[in-house]
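Here's a quick tour of a protein model, meant to be read with the viewer open.

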Amino acid sequence: LEVRPGAGGLIGRAIHKSGVRRRELFLSVIWEPPLDSEKRFHDLLGELFSESVDLVIVPRGPETAYMWQLLEGLKSRGLIRALSLRDYSAEEVLALPAEIKRSVEYAQCAVSPYRPGPTRATWKLLGGQSIALAASGLLTNWPYALPILDDPHLKAVSRRVRRTVAQVLIRW
């Protein structure tokens, strides 16, 4: 379950009300405003009724080194299980300080029929460093006006291969 910082309270109440136990959920959090300090992270954990999160995703941005140092500290205290980068190219990963590259365990790259996603160099670099790479944003239509599931080209492909548009996208 990917949690945006501003929605922590709503999601936490829904999880609490559902009766689903925390250990049955995989909680990931995007490190973005208003989540920008250790205090706000602790506030978010309180909203989620959780002592920790499974994954913190750091989007590409100018303050990665500062944020990473803070997140490493939170991870060392057991508040975060794994750290991730989002939408970094192979060149950007190579340019990161060594202490960041060593501790990245997971990376997300936006993929869609409109944005092909990571290059072979990115796959090779991340794979060589044992960093898991996953596609994200596959079913979103932002910033396009046409919902991706209604795209006539994808519908034609799905008819031809006798699958749903969603199945075509996931296999993409």
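This is a predicted model: local features need pLDDT of at least 70, side-chain atom pairs count only at pLDDT 80 or more; totals for chains, interfaces and linings use all residues.

## Starting point: Gln 69

Which helix is Gln 69 found in? Gln 69 belongs to helix α3, which covers residues 64-76. With a relative accessible area of 64%, Gln 69 is exposed. If you jump from there to Pro 152, you move 83 residues along the sequence and 46 Å through space, going C-alpha to C-alpha.

The mean pLDDT of the protein is 85, and 95% of its residues reach 70 or more.

## Strands around β3

Strand β3 (residues 53-59) is mostly covered, with six of its seven residues buried. Strand β2 (residues 28-30) runs parallel to β3, and three bridges join them. One place to look is Val 29, whose bridge partner in β3 is Val 56. To get from β2 to β3 the chain passes through helix α2 (residues 38-47), and this β-α-β crossover is right-handed.

β3 also pairs with strand β4 (residues 80-86), again in the parallel sense, this time over six bridges. Val 56 turns up here too, standing opposite Leu 83 in β4. Together, β3, α3 and β4 make a right-handed β-α-β unit.

Which residues have the most contacts inside the largest nonpolar core? They are Trp 31, Phe 41 and Val 53, in a core of 35 residues. At least two residues of this core come from each of several elements, including α1 (8-18), β5 (106-110) and α6 (120-128). The largest share, five residues, is supplied by α3.

## Helix α7 and its ends

Helix α7 covers residues 152-161, and Ser 158 sits in it. Is Ser 158 buried or exposed? Ser 158 counts as buried because its relative accessible area is 7%, under the 20% cut-off. Its contacts, leaving aside neighbours within four places in sequence, are Arg 163, Thr 164, Val 165 and Val 168.

At the start of α7, a side-chain oxygen of Asp 151 comes to within 2.7 Å of the backbone nitrogen of His 153. Just after the helix, Arg 162 has a positive phi of about 60 degrees.

## Two positive phi values

Most residues other than glycine have a negative phi. Arg 162 is not a glycine, yet its phi is positive. Arg 162 lies in the loop between α7 and α8 (165-171) and is exposed, with a relative accessible area of 72%.

Phe 49 also has a positive phi, near 55 degrees, and is likewise a residue other than glycine. Look for Phe 49 in the loop between α2 and β3. Why does Phe 49 count as partly exposed? Because its relative accessibility is 47%, which falls between the 20% and 50% cut-offs.

Conventions
Residues are numbered from 1 along each chain as its sequence is written. Side-chain values use heavy atoms; hydrogens and water are left out. Helices (H or I, at least four residues) and strands (E, at least two) are DSSP runs, numbered from the N terminus. Buried means under 20% relative accessible area, exposed over 50%, partly exposed in between (1.4 Å probe, protein chains only). Contact means heavy atoms within 4.5 Å. Two strands pair if DSSP finds at least two bridges between them. A crossover is right-handed if, with the strands pointing away from the viewer, the path from the first strand over the helix to the second runs clockwise. A polar contact is a pair of N or O atoms within 3.5 Å; within protein, one must be able to donate a hydrogen and the other to accept it, and residues adjacent in sequence count only if both atoms are side-chain atoms. A nonpolar core is a set of buried Ala, Val, Leu, Ile, Met, Phe, Trp, Tyr and Cys residues joined through side-chain atoms within 4.5 Å. pLDDT is the predictor's confidence in each residue, from 0 to 100.
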